[in-house]
Amino acid sequence: PSRTEALRHAAAAADVSVNELAATAIFQAVAPLCRKMQSPQSATRPDVVRLCVPMNLRRASDRKMPATNLCSMVFLDRTPSQIAAGPLSLLQSIHDEMALIRRHGLGLTFIFSLLLGRRLPGGIRGVVAGQPAAATVLFTNVGKVFRRRRTDAAQALPLVTAVEGLAPLRRDTPLAITATEHAGQLAFTFRYDHSQLTPADVAAAVRRFDEALENVAKAAASQSVSLRPT
């Protein structure tokens with residue numbers, strides 16, 4: 001929980017979101033695996049990491065609706081040189097791109113593509129059949145779960161101490177990372193395709209992610225002013 005709070009303070013110091021800090025760390029963590037994770041049928045070049053991020057489209061009036069009922073997908077691409085430019089440069093580019101997506105309503109692009117697909121011969125199934133992988137990594141933050149902390153009255157211990165989230169793996173997308181928060185603690189779960197990655201590959205990526213998240217948080221927290229306006 002203390003580290004989760006530190007991430008929030010770091011994000012606030014740089015006027016970015018915790019998700020943007022995490023996305024920065026994910027790019028840095030998976031870049032060394034990029035070539036191995038690419039399928040021969042992949043739509044992205046072997047030297048590009050494509051991050052797929054589900055985007056919440058709910059407004060204040062929709063807060064009681066499950067997020068999965070009103071969401072879309074956005075895709076962030078970064079080259080090795082962009083990733084190697086440093087955590088603050090990478091964070092700034094992600095922050096700018098997400099701001100642009102929100103400002104121009106580009107989160108609806110994926111929805112419109114689905115509507116168009118329904119009208120084409122064969123419908124959506126015909127459009128996606130044989131389609132190459134759309135992303136290298138899926139990253140989703142499902143937010144707080146079990147908001148009310150129930151405890152065992154006899155022992156005064158929490159009944160649920162930790163929660164893991166597992167995002168779906170689309171064909172040829174080898175890695176999915178899910179963030180969940182429970183009892184004030186943010187947790188990241190890595191789910192991977194065993195046919196493309198080994199346990200050692202993912203363990204190394206988890207270590208890199210942990211280190212990269214710490215580094216980008218420290219860099220963001222050290223900002224005397226927020227990142228430049230978008």
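Predicted model: local features only at pLDDT ≥ 70, side-chain atom pairs only at ≥ 80, totals over all residues.
**Glu 181**

Leaving aside neighbours within four places in sequence, I found Glu 181 touching Arg 8, Gly 143, Lys 144, Val 145 and Leu 186. I placed Glu 181 in strand 6, which covers residues 175-182. Is Glu 181 buried or exposed? Its relative accessibility is 11%, and the cut-off for buried is under 20%, so I wrote Glu 181 down as buried.

**The chain as a whole**

I noted eight helices and seven strands. Of its 230 residues, 38% count as buried. I also looked up how far apart in sequence the contacting residues sit. Among contacts with a separation of 6 or more, 64% join residues 24 or more positions apart.

**Helix 2 on its own**

Next I turned to helix 2, residues 18-30. How many of its 13 residues are buried? I found 10, so helix 2 is mostly covered. The buried residues are Glu 20, Leu 21, Ala 22, Ala 23, Thr 24, Ala 25, Ile 26, Phe 27, Ala 29 and Val 30.

**Helix 2 against helix 8**

Helix 8 takes in residues 199-221, and I found its axis coming within 8 Å of the axis of helix 2, with a crossing of roughly 135°. The two helices are therefore oblique to each other. I recorded the crossing as right-handed. From helix 2, the contact draws on Leu 21, Ala 22, Thr 24, Ala 25, Ile 26, Gln 28 and Ala 29. From helix 8 come Ala 205, Arg 208, Phe 209, Ala 212, Leu 213, Val 216 and Ala 220. Sorted by class, I get 11 nonpolar, two polar and one charged residues in this contact.

**Arg 208**

I gave Arg 208 of helix 8 its own entry. Its relative accessible area is 26%, so I list Arg 208 as partly exposed. Outside the four places on either side in sequence, Arg 208 is in contact with Ala 29, Pro 32 and Leu 33. I also looked up the pair Arg 208 and Ile 26: 182 residues separate them along the chain, while their C-alpha atoms are 8.6 Å apart.

**Helix 2 against helix 5**

Helix 2 also packs on helix 5, residues 87-103, at an angle of about 125° and with the axes 9 Å apart. I have this pair down as oblique too, therefore, and the crossing is right-handed. On the helix 2 side I listed Glu 20, Leu 21, Ala 23, Thr 24, Phe 27 and Gln 28. They meet Pro 87, Leu 90, Leu 91, Ile 94, His 95, Met 98 and Arg 102 of helix 5. The class count for this contact is eight nonpolar, three polar and two charged residues.

**Helix 1 against helix 8**

My last stop was helix 1, residues 2-14, whose axis comes within 7 Å of that of helix 8 and crosses at roughly 45°. What is the handedness of this crossing? I noted it as left-handed. Arg 3, Leu 7, Ala 10, Ala 13 and Ala 14 of helix 1 make the contact with Asp 210, Leu 213, Glu 214, Ala 217, Ala 220 and Ala 221 of helix 8. By class, I find eight nonpolar, no polar and three charged residues here.

Conventions. Residues numbered from 1 in each chain as written. Heavy atoms only, no water. Axes fitted to C-alpha atoms, helices over the stretch in contact; angles between N-to-C directions. Helix = DSSP H or I, 4+ residues; strand = E, 2+ residues; numbered from the N terminus. Parallel < 35°, antiparallel > 145°, perpendicular 65-115°, else oblique. Left-handed = near helix turned anticlockwise from the far one by under 90°. Contact = heavy atoms within 4.5 Å. Nonpolar A, V, L, I, M, F, W, Y, C, P; charged D, E, K, R; others polar. Buried < 20%, exposed > 50% of the residue type's maximum accessible area, 1.4 Å probe, protein only.
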